Amino acid sequence: MLTLPIYLDNNATTPLDPRVLEAMMPYMTNMFGNAASRNHAFGWQAEEAVDYAREQIAALINCSPKEIIFTSGATESDNLALKGVFEMYASKGNHIITLTTEHKAVLDPCKHIEKMGGKVTYLKVDEKGLINLQELEEAITDKTILISVMYANNEIGVIQPIREISTIAKKRGILFFTDATQAVGKIPVDVEADGIDLMAFSAHKMYGPKGVGALYVRRKNPRVKVTAQMDGGGHERGMRSGTLNVPGIVGLGKAAEIARQDMESDSKRIAAMRDRLERELTTIEESYVNGSTEHRLPHVSNISFKYVEGEGLMMGVKDLAVSSGSACTSASLEPSYVLKALGLSDDLAHSSLRFGLSRFTKEEEIDFAIGHVKEAVAKLRELSPLWEMFKEGIDLNSIEWAEH
Amino acid sequence: MAYSDKVIDHYTNPRNVGTLDKAKKNVGTGLVGAPECGDVMRLQIEVDENQIITDARFKTFGCGSAIASSSLATEWLKGKTVDEALSIDNMAIVEELALPPVKIHCSVLAEDAIKTAINDYRVKNGLPELEMPKSHH
């Protein structure tokens with residue numbers, strides 16, 4: 001039996017794995033100690049649990065447990081990395097290089113840094129969503145202190161050439177930060193092999209709880225430091241004050257352990273379902289997959305169904321929880337900036353749906369989703385004046401649309 | 001954001017979807033909006049010799065509220081005289097469909113579509129073009 005609606009928005013957040021919840025429970029009930037309490041058993045228990053989680057996480061990303069700084073989530077980690085490096089390395093320079101397709105949790109801190117007197121270069125991506133390495137090299141100046149490029153994109157799932165980027169950074173003596181929120185736990189991420197200096201990630205994108213994340217900060221070759229963005233107590237090696245969220249951290253640790261153990265089999269199965277979904281949906285006339293399909297996370301597919309508006313389509317697929325690149329909710333009606341960065345015209349960007357699968361997605365759910373989307377697209381095209389014009393062979397670009 | 005029952009009803013069972021022959025002299029067509037903005041409405045009216053709108057049809061590319069606004073507009077247009085139709089105000093659509101503030105532009109677009117269709121009919125029949133209200137967008 002299918003339970004509706006079907007959740008296919010796992011890039012927004014994932015359900016909590018029951019094994020993770022089980023690990024967390026004791027720390028939400030009788031093992032409630034403060035990990036910073038050094039003089040009684042409650043504190044020791046909590047500290048031990050946090051240390052164990054650090055090891056579980058370190059094993060997943062191949063770092064030392066000491067290099068993990070716990071935060072409230074990836075947004076905080078992004079802020080801490082960007083602003084923290086900008087402040088800490090002010091004497092070396094003030095220039096940061098990033099991408100136009102980064103998450104707002106990177107772009108907005110960058111804007112803040114610009115207001116603080118920093119310089120930020122926003123590199124464009126190609127039509128597949130990938131960075132141009134030559135442009136990256138050319139953007140580097142003697143003031144560049146940080147390159148910030150996301151591991152995998154949240155809207156289209158495109159994976160950037162992390163090793164090539166870090167090699168360039170290393171060669172020029174620049175730190176390399178990656179927002180790996182969508183990648184950690186889904187694909188192998190190895191901070192050593194990948195040459196990463198700082199990395200942000202979050203528990204709730206990998207079947208862990210909300211409200212907890214981490215920032216990896218390299219301790220050796222080179223030793224990286226960030227200026228704390230919050231004062232009080234000096235927790236987490238002075239980089240992030242605040243009482244540790246012990247149950248959350250235990251959850252992140254457990255989620256990391258499960259990911260490490262199940263990643264290979266999970267992603268094979270999920271990718272097969274994703275590929276089937278995509279194959280079926282692209283049999284729909286005038287449908288297009290957005291972004292690289294070669295360098296992509298195994299569980300994401302972003303498809304535009306031309307001549308159908310995304311938000312209207314989402315309403316048509318009411319039994320699916322997906323997300324759209326169309327934001328018809330503001331005066332500007334701006335479609336996704338990520339899709340626009342790929343060079344998609346506004347109408348195609350408005351026509352997109354993002355499907356995000358998880359380890360809990362079932363084959364029957366994919367069957368249902370395929371039928372449901374096909375039906376909704378057909379129905380909305382019956383309603384669409386643009387579809388009618390297309391079918392009559394009218395070039396939509398030849399029409400003078402009223403500005404509004 | 002949750003949609004009102006009326007929006008869902010119009011979206012699920014849109015009234016008067018279709019196309020009238022725009023070449024006919026007694027058919028007025030209004031095509032408003034733009035694909036880049038995520039909204040395109042085409043609204044058509046057919047008018048008899050007594051200036052009564054006997055048929056109204058729409059097709060809309062847009063969100064649920066845009067579809068519902070144009071579907072509702074066709075319902076309201078039928079049976080009205082052309083002059084009466086001019087008095088349909090976007091705020092009446094907002095009220096009827098309980099549109100939230102972020103969706104008011106859908107009703108504005110529907111009003112624009114009505115007025116554009118009426119103007120098209122007027123021009124075809126030798127009547128002076130009415131001044132369009134300045135777009136609210």
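Select A:Tyr151 and look around: skipping the neighbours within four places in sequence, A:Tyr151 is in contact with A:Ile159, A:Gln160, A:Ile162, A:Thr178, A:Asp179, A:Ala180, A:Gln182, A:Ala183 and A:Val189. Here two residues are in contact if their C-beta atoms, placed from the backbone, lie within 7 Å.

Before going on, some housekeeping. What you have open is a predicted model, where local features need pLDDT of at least 70, side-chain atom pairs count only at pLDDT 80 or more, and totals for chains, interfaces and linings use all residues. Residues are numbered from 1 along each chain as its sequence is written, while chains are lettered from A and ligands numbered from 1 in the order in which they are written.

**Stop 1: around Tyr151**

A:Tyr151 sits in the loop between S5 and helix H6 (162-171) of chain A. Helices (H or I, at least four residues) and strands (E, at least two) are DSSP runs, numbered from the N terminus. Is A:Tyr151 buried or exposed? It has 24 C-beta neighbours inside 10 Å, so A:Tyr151 counts as buried. The cut-offs: buried takes 20 or more other C-beta atoms within 10 Å of a residue's own, exposed takes 12 or fewer, partly exposed is in between, and C-beta atoms are placed from the backbone.

**Stop 2**

Switch to cartoon and pick out the strands. In chain A, 7 strands make an open sheet, ordered S2-S8-S7-S6-S5-S3-S4, with mixed pairing. Two strands pair if DSSP finds at least two bridges between them. At the edges you'll find strand S2 (68-71) and strand S4 (119-123) of chain A, each pairing on one side only. On average, neighbouring strands of this sheet are turned by 20° against each other, direction ignored.

Zoom in on S6(A). Why call S6(A) largely enclosed by the rest of the structure? Because 5 of the 5 residues of S6(A) are buried. A:Leu175, A:Phe177 and A:Asp179 point one way from S6(A), A:Phe176 and A:Thr178 the other way, and all are buried. In a regular strand the side chains alternate between the two faces of the sheet.

Slide over to strand S3 (residues 95-99) of chain A, which runs parallel to S4(A) and is joined to it by 5 bridges. Highlight A:Ile97 there, opposite A:Thr121 in S4(A). Then show helix H4 (residues 104-115) of chain A, lying across S3, S4, strand S5 (144-148) and strand S6 (175-179) and running at about 155° to S3(A). Axes are lines fitted to C-alpha atoms, for helices over the stretch in contact, and angles run from 0 to 180 degrees between N-to-C directions.

**Stop 3: two domains**

Zoom out and colour chain A by domain: domain 1 is 6-11 + 263-386 and domain 2 is 18-259, with bounds from an automatic or database domain assignment. Their centres, taken over C-alpha atoms, are 29 Å apart. Across the boundary, 22 residues of domain 1 of chain A are in contact with 22 residues of domain 2 of chain A. On the domain 1 side, helix H7 (246-281), strand S10 (300-305) and helix H9 (337-341) of chain A give two or more residues each; H9(A) gives the most, with 3 residues.

**Stop 4: over to chain B**

Select residues 2-125 of chain B, which an unreviewed UniProt entry annotates as "domain: NIF system FeS cluster assembly NifU N-terminal". UniProt positions are given in the numbering used here, feature names are shortened, and annotations may be inferred rather than shown by experiment. The span is 44% helix and 21% strand, and its end C-alpha atoms lie 43 Å apart.

The sheet to find here is open and antiparallel, with 3 strands in the order S1-S2-S3 of chain B. S2(B) and S3(B) form a hairpin with 5 residues between them, and B:Gln51 in the turn has a positive phi of about 70°. Their antiparallel pairing runs over 8 bridges; click B:Leu43 and its bridge partner B:Phe58, then B:Gln44 opposite B:Arg57. In S3(B), 7 of the 9 residues are buried, so S3(B) is largely enclosed by the rest of the structure. Helix H5 (residues 104-124) of chain B lies across S1 and S2, at about 145° to S1(B).

**Last stop: where the chains meet**

Show both chains: the contact takes 26 residues from chain B and 24 residues from chain A. On the chain B side, S1(B) gives the most, with 4 residues.
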